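I opened this entry to keep track of what I looked up. The notes run from the whole chain down to single bonds.

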Amino acid sequence: MGGESTPSEKPKGTYPKLSAHPVGQWIPNIYKDRIGMFYSGGQYEGKNLRAMMNDGVASGSPHVKLSVWDAPDLTRPTFKDATSHEFKSTSVGEWFGPSWSTHWFKVQLTVPSELRKKELLELHWDANNEGMVWTEDGNPLQGLTGGGERVEWVLPDNFRDGKEHIIYIEMACNGMFGNAPGGDTIQPPDPNKYFQLSKADIVAVNVVARHLYIDIWEIGDAAREFPTDSWEQHKALKVANQIIDAFELGSQDSIIKGRKIAQEYLGKNVNSSDVYKSKNQPIVYGIGHCHIDTCWLWPWAETKRKVARSWSNQCDLMDRYPEHRFAVSQAQQYKWLKEYYPYVFDRVKAKVKQGSFQPVGGSWVEHDTNMPSGESLVRQFLYGQRLFESNFGERCRTFWLPDTFGYSSQLPQLCRLAGMTRFFTQKLSWNNINKFPHTTFNWVALDGSQVICHMAPSETYTANADFGDVRRSVTQHKSMDQDETSLLVFGKGDGGGGPTWEMLEKLRRCRGMSDTVGMLPRVHMGDSVEDFFDRLEKRAEDGLDFVTWYGELYFELHRGTYTTQANNKRNNRKAEILLRDVELLATLASIKGSYKYPKKDIDDMWEATLLCQFHDCLPGSSIEMCYDDSDELYAKVFDAGEKLLKDLYDTINVQAVSTLKSKDNLVALNTMPWHRREIISTGDRQAGVACGEGNVLNIKTFKVAETPEVTVEEIKSGVFVLQNDQLRIEVAEGCITSLYDRQAEREVIAKGGKANQLVIFDDKPLYWQAWDVEVFHLDSRKELSSGATKIVQNDAHQVSVMTETKISDKSWVKTTISLSAAFKGQQSYVEMHSEVEWKEDMKFLKVEFPVDVRNTEASYETQYGVVRRPTHYNTTWDMAKFEVCCHKFADLSEHGYGVSILNDSKYGFATCGNLMRLSLLRAPKAPDAHADMGRHHIRWAILPHQGDLSSTTVRTAYNFNNPLKLAEAPAGFSSTASSNPIKLTGNPSLILDCIKRGEDDEDVSRGELEIRKGKSVIVRIYDSLGGTSKGTIETSLDVKKVFRTNILEDDEDEIKIENGKVDITLRPFEVATFRLQL
């Protein structure tokens, strides 16, 4: 009783009592390194998984018969032309070239009997250059990249019938990144590269082995990149090595077994899009993309083929991978595709309708945003959105600009006005001084308008869809405290191509891994860019207050692009001004008379100008061939514009004069919307005074006063004084040693300083020659010594001195400093004109102005406003702006006084303390070895002014860039007949920047979109100085209604018009568009 215990039966185990043998711990690094050896090339590729990737190969005749026709003289003939010629026999091993040439291959394929029932048959073609597969009857099917990338084309099932089938392959003798010699892609192209056709085989693919290849690639990445203190990393290492241990060369069963082992880590659904159907919440959203630089290391003509090659590839992948979503911007590329490859365009259109192919961006090209004018940015959106809407039925909602070199401060406002509320980029991840602090944020324009901006945390727009790309989408995400989601934008880019089947397969494994093991951020495929931003906007609507960034997104790299390729930049400014003039005069002529508004001509001119604003063209970072192309295109723009102006001058009964035969009935042509009073030369050292408002100003004789109104005198050897009623200038050795403001009674030049001093710098950036100027270039400053100065003009209306400066044995500058007679109540300025012979090597020419003004900020004109930037180096953020972009002026003002520097074609500037510095010319040698070499003509001016920065500077800069043109009118001509029927009065900070016809007016429309009855005039106005501004639009036209519109010309609010007057109020830096319905 009590105390007894019943013995219980002990469980029998199999754990051995005695150790059978020693077991060592794995050496992780060795086992990790082993993984890559299993699927890589090299000494073991005949023994590892690669040896079993194919089930059979058929090469040469009779299975693969080749013949070729070589297109002459670097032409790019059409399919119809090419196939009309006689083809000659050729074979694998032959060489083709030179660079940029085209060769058409007739490929006759007969699948051998032993391969006909294999699961997957492909043609593998590799000539280390780009190509396009065409059907026998002329339909482009798929692009080829070469060099082991995208070399396969899937044979259709009907090729398995044992009969011979014909395809054509168009070979382009350039690689994905052009034709640079050696391995440095940005070097000028080698014109004599040749390419060897190394492979043309029918291949039966071992599909299971191909899948295992992707399996172990991704599991191996997990073993290499997961933290070594995580069980997920150890499991990946174990599973990968188990797959390798299971492999037996020649055994398909071992490959099947390896795939089964891989399921332990990847799950069972990675073979299809079903993997994305799990209920688990993703945070990374994959979007296929194919960034095609519209020109860069290849010319525009090659881009047209790149578009067809790349987009046809994606249509093919969409058929095989239903989850694939592909986002593409640039309306110009869609237009080219429609024109040159209608078969591919129809495929694209079908995929857009299906929702797989997604137009984004809303702009004509992925343009530079620093240098185009405000109106150019508007037209990028207007022309882009109209093309998207007219072809696909919808406008874009997301502005897409991943690769542009900085983002100007008014873009959020213009995006909103173009119907877009979100913006995608990533370029600021390239900053080389400061790390941009946000991933997802509200970006706010100068006027307060905002868009949601997302910068891919993977920090690329050409991700390979690797394990690391998915992981970095979280580890580099800077806005996790507000929203953890991100876009992963993947696909071969810059030179085109887009996503590959490998990328889509890898993402399936990444998703399977997340759902099975965890740790890796969960990626999702199947949503659009708009779906992603819709979720962000919903969160904002639900109360999430995203962090804000106000003003420009300054890019701390590629600052040299404000200056490189000066002629190209001059052409841009000139084209923008020409288009403004043509539209203004054509609008007035078409509403007042029988003149037909030349919509097609204007569209062609705008589209050419917008194309040249592409972010590697206008910035100057393309090869020389691209600038041959742009020069040709600009020449067409200028020729068309001059012809239109000639016709338009006829409508106002005047003729422009290039050579003066008679001085009778001279008038001045004006397109500025305000009163002007200026001296205009009439030849033979004579001048007149043009005065008034409107498009034609009367010219009165410049009266020579008893006391000269402007004088020049050599007061001692080599020292000259130029003087008018407002300014006194002292010039010595080509520099302005004194600029005295006689009205303000103060010296403008800093004590001991020399304004208009030419300086030169060594300019050898770390790598990107055409793109970059580095901060250390400032340490190499060298003043250029000038030769003798001489008086070259001493007329009653203007005086000038000229100085020649030797830069080197090959380069020189002739600088003319001019001063004109001053008008009472109108600020006088000093004008400079330089003729430069420039043949330097990696040098940077600038001109300096040390002024007696102090402020910690300088003001720079930007699109539709002014941006203020530091003049000090307090922080690295301040110092990073050692070179910045400006448009027609830069200004340094203190309370009550300031100095503006005007220019007619330059964009690079710097203000360091009180030293203002205008950038003139660079001499990079890559990618264009001859960039900027040759003769240049540059104008700039010093405009001192009392008071702060004001409309004086804004309007004078406009006038400086829009000089009056001399014209001849018939006897008895009255300038009042050409007065502008649309005027803007009120606050002088308001600028009437654009007058044009409505895009869809019934007498203007080209039929792209719904026609609007009647005639209308579009008027665009902005506040230029940053204050609430009131004004009145006054018109003598018979205006029935006035609407405020967006920049796409959609009517929004109707505005009251009374007695031909419309009162308006604009926010600081607001851009407002009005439609006057006649």
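My notes follow, grouped by topic.

**Overall form**

I am working from a predicted model. I began with the secondary structure, and the protein has 18 helices and 56 strands. Next I took the extent along the principal axes. The C-alpha atoms fill a box of roughly 130 × 90 × 65 Å. Then I checked the radius of gyration, which is 34 Å. A compact globule of 1078 residues would come near 31 Å, so the value for the protein agrees with that expectation.

**H1 against H4**

I turned to helix packing and started with H1, residues 28–39, and H4, residues 231–246. Their axes lie 10 Å apart, at an angle of about 50 degrees. H1 and H4 are therefore oblique to each other. I noted the hand of this crossing as left-handed. From H1, the contact takes in Pro28, Tyr31, Lys32, Arg34, Ile35 and Phe38. H4 contributes Gln233, Leu237, Ala240, Asn241, Ile243, Ile244 and Asp245.

I then looked up H7, residues 331–340, with H9, residues 374–392. The two axes come within 9 Å and cross at roughly 45 degrees. The crossing of H7 and H9 is left-handed. On the H7 side I listed Ala331, Tyr334, Lys335 and Lys338. On the H9 side I listed Gly384, Leu387, Phe388, Asn391 and Phe392. This contact divides into five nonpolar, two polar and two charged residues.

I also looked at the loop between strand S14 (326–328) and H7, where Gln330 is found. Gln330 has a phi near 75 degrees, which is positive although the residue is not glycine. I flagged it because most residues other than glycine have a negative phi.

I checked the UniProt record next. The unreviewed entry places "domain: Glycoside hydrolase family 38 central" at residues 556–634. Over that stretch I get 65% helix and 0% strand. The end C-alpha atoms of the stretch are 30 Å apart.

I followed with H14, residues 566–592, and H16, residues 624–651. Their axes come within 9 Å and cross at roughly 25 degrees. That angle is under 35 degrees, so H14 is roughly parallel to H16. The crossing of H14 and H16 is left-handed. I sorted the contact residues here too, and they divide into 14 nonpolar, seven polar and four charged.

**Cis peptide bonds**

Ser61 and Pro62 are joined by a cis bond, with omega about 10 degrees. I placed Pro62 in the loop between strand S1 (54–59) and strand S2 (64–70).

Ala926 to Pro927 is also a cis bond, and omega is near 5 degrees. I found Pro927 in the loop between strand S46 (915–922) and strand S47 (934–946).

Note on methods
Residues are numbered from 1 along each chain as its sequence is written. This is a predicted model: local features need pLDDT of at least 70, side-chain atom pairs count only at pLDDT 80 or more; totals for chains, interfaces and linings use all residues. Side-chain values use heavy atoms; hydrogens and water are left out. Axes are lines fitted to C-alpha atoms, for helices over the stretch in contact, and angles run from 0 to 180 degrees between N-to-C directions. Helices (H or I, at least four residues) and strands (E, at least two) are DSSP runs, numbered from the N terminus. A crossing is left-handed if the near helix is turned anticlockwise from the far one by less than a right angle, and right-handed if clockwise. Contact means heavy atoms within 4.5 Å. Ala, Val, Leu, Ile, Met, Phe, Trp, Tyr, Cys and Pro count as nonpolar, Asp, Glu, Lys and Arg as charged, and the others, Gly among them, as polar. UniProt positions are given in the numbering used here, feature names are shortened, and annotations may be inferred rather than shown by experiment. The radius of gyration is taken over C-alpha atoms; the globule rule is 2.2 Å times the number of residues to the power 0.38. Angles under 35 degrees count as roughly parallel, over 145 as roughly antiparallel, 65 to 115 as roughly perpendicular and the rest as oblique.
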